[in-house]
Amino acid sequence: MQLLSSFTLFRILRNEFQNYTVQSFRQDLIAGITVAAVALPLALAFGVASGATAAAGLVTAVIAGLVIGVLSGAGTQISGPTGTMSAVLVVIASQFGIQAVWITTLLAGLIILSLGLLRLGHIANFIPASVITGFTSGVAAIIFIGQIDNLLGVKTPSTSNALLKLVHYFQGGFTPNQTTIVLCVAVILIIVLWPKPWNKVIPGTLASIVIITGVVDVFHINVPVIGTIPQTIVLDEHLTLATIPWELVGQLIVPALSIAALVVIEALLSGAAANRLPESQLRMVNDQHLIALGIGNLISPFFGGVPATSAFARTSIGLRSGSRTRVTSIVHSVTLLFAILIAAPSLSKIPLSVLAGVLAVTTWRMNNWPAIRKMFKQRFKSAIIAFLLTFIGTILFDLTSAIILGVGLSAIVFVFQSSQIQIERSEVDVQKMAERGHKMLSGAHQIQVVYVLGPLFFGTAATFENEMRDLEDVNDIILSLRTVPMIDTTGLHMLEDLIDRVQARGGQVYLSGTNESVLAYLRRSKLVERIGGESRVFWSAFEAIVSADVNRANLAA
């Protein structure tokens, strides 16, 4: 599998760098620096939001961003820490400590790598859009609630879920720091009001951090700050093989599955969204990208980093800034590395309330507002229920449970909607048969055609059985299964019962128009053999009627 993966990567690189020129490199260089300017404040903020440190967020953007960028299945994708995973990580950090975050990242990396090697890059396609929108909004709410302490300049006790944390703020017992509130609001206003043309020179998030941190430093305002950021990419606190807390591994499997699911979903959605941008000239190879994500997340904790995935916001900025290849991602990581090595003392002075303001705006923008508005405006009931259930489940429980709830509900709705089967019965028209060249030899009333429209499975079996009970006075039945896309064991049992009843009264069952997949299943289950073999299987109902008529005439003779 590794050899196959290497070959896939080689093919991707060859296609990506065809006709690569100095001008292409210049475009990648400018795009990489531009993306780094956007990624810097987000990396700091998401490091803190994950229950780790701002330095951990930066190291993740450098190490995991570089590794994933080099091995990526989509050259223009930019990877690093994102808000989606922070909701899970902050709970793990509060319950088990920072080492548990590293173990979770390591386990998630193994899971993602396995998915890539097993060519399961399409797995995220089975999660409905309403569920994805629901847990994204839920994660945004959790991140925002987790930053209220920094926004207010207080320290409140940790709780088991975000809702209890939110309720605690309404119970009082603390005094907000008015200075931190003012700083946070100022950051939000700068980001929101920052003119769009200026974003091409300096992003609003970076500008807000520079301006407000400068004000705090110049006027010596006493507020909590990030603190020391080591000028190294290997943090003092990082995972080592000798210090792995093996006793925690069992408890961290479920959180690791949550992180793996979020990494995969966000990355594949980023790839799909990037593919639709007019600036994008490359298409994501999902399986190779999962392999890159898996390796990046396996390496990150050994440097003190947190989980990383592809981020569409950063990717789209890179593309719109002229990104052509994965050189953009590499330049982005190298630029952030220089920021660590050179600007760490300045970064350490950034107030936590400033990062809270950045995250407040980020969490608002995380919500897919157009999809939410459309869902409620057009009253898509099943989508609304799935959205709300996943949203509430994310806040009350954990992301794995929320996704399971949302997908489970969507599956139930799908089964219900798919169980709308139609059964149409048609008597043999003697005149039409004659017009097509066959004169009926036996009584036409003894033969009836039954058209089945829809899947024949456990959800439709009862309807099918009830309809067939009304055919007790018919000798031969021709089942037209042309519009039956699938059949399961319950549907098979219904057909077997029908065949037994018809044959018990001296009649026969014929099949017509059955599609290849359903027919293959019926052959494998010996049902075709049960009705008399291939001589009872026809392409059209007309052919089946002729055969049934001739056979009945022969029996009468």
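Which residues touch the most other members of the largest nonpolar core? My notes follow; keep in mind that this is a predicted model.

1. **The main core.** The answer is L40, L44, L58, I226, L336 and I350, picked out of the 102 residues in the largest nonpolar core. Helix α2, covering residues 22–49, gives the most to this core, with 11 residues. If you want a place to start looking, colour that helix and work outwards. As background, nonpolar side chains in soluble globular proteins tend to be buried together.

2. **L58 up close.** Setting aside neighbours within four places in sequence, L58 is in contact with L40, A43, L44, L336, I340 and L347.

3. H289 belongs to helix α12, which spans residues 286–299. Is H289 buried or exposed? Its relative accessible area is 0%, so H289 is buried. The side chain of H289 makes a polar contact with the S310 side chain, at 2.7 Å. S310 also turns up among the residues H289 touches, beyond those up to four places away in sequence; the others are I68, S72, G73, A74, Q77, A267 and M284.

4. **A greasy bit on the outside.** On the surface there is a nonpolar patch formed by L163, V167, F376, L388, L389, I392, L396, F397 and L405, and together these have about 710 Å² of accessible area. Helices α8 (162–170) and α17 (381–396) each supply at least two residues of the patch, and α17 gives the most, with four.

5. **L389 within that patch.** L389 is one of the patch residues and is placed in helix α17. How does L389 count, given what its accessibility is? With a relative accessible area of 32%, L389 is partly exposed, because that value falls between the 20% and 50% cut-offs.

6. Q251 is found in the loop between α10 (204–218) and α11 (253–275). Its relative accessibility is 47%, so Q251 counts as partly exposed. Q251 and F96 are 155 residues apart in sequence, while their C-alpha atoms are 9.8 Å apart in space.

Note on methods:
Residues numbered from 1 in each chain as written. Predicted model: local features only at pLDDT ≥ 70, side-chain atom pairs only at ≥ 80, totals over all residues. Heavy atoms only, no water. Buried < 20%, exposed > 50% of the residue type's maximum accessible area, 1.4 Å probe, protein only. Polar contact = N/O pair within 3.5 Å; in protein donor to acceptor, adjacent residues only side chain to side chain. Contact = heavy atoms within 4.5 Å. Core = buried A, V, L, I, M, F, W, Y, C linked by side-chain atoms within 4.5 Å. Patch = residues over 30% accessible without salt bridge, like charges linked within 9 Å, V, L, I, M, F, W, Y side chains within 5 Å. Areas by Shrake-Rupley, 256 points an atom, 1.4 Å probe, with all protein chains shown as cover. Salt bridge = Lys/Arg side-chain N within 4 Å of Asp/Glu carboxyl O.
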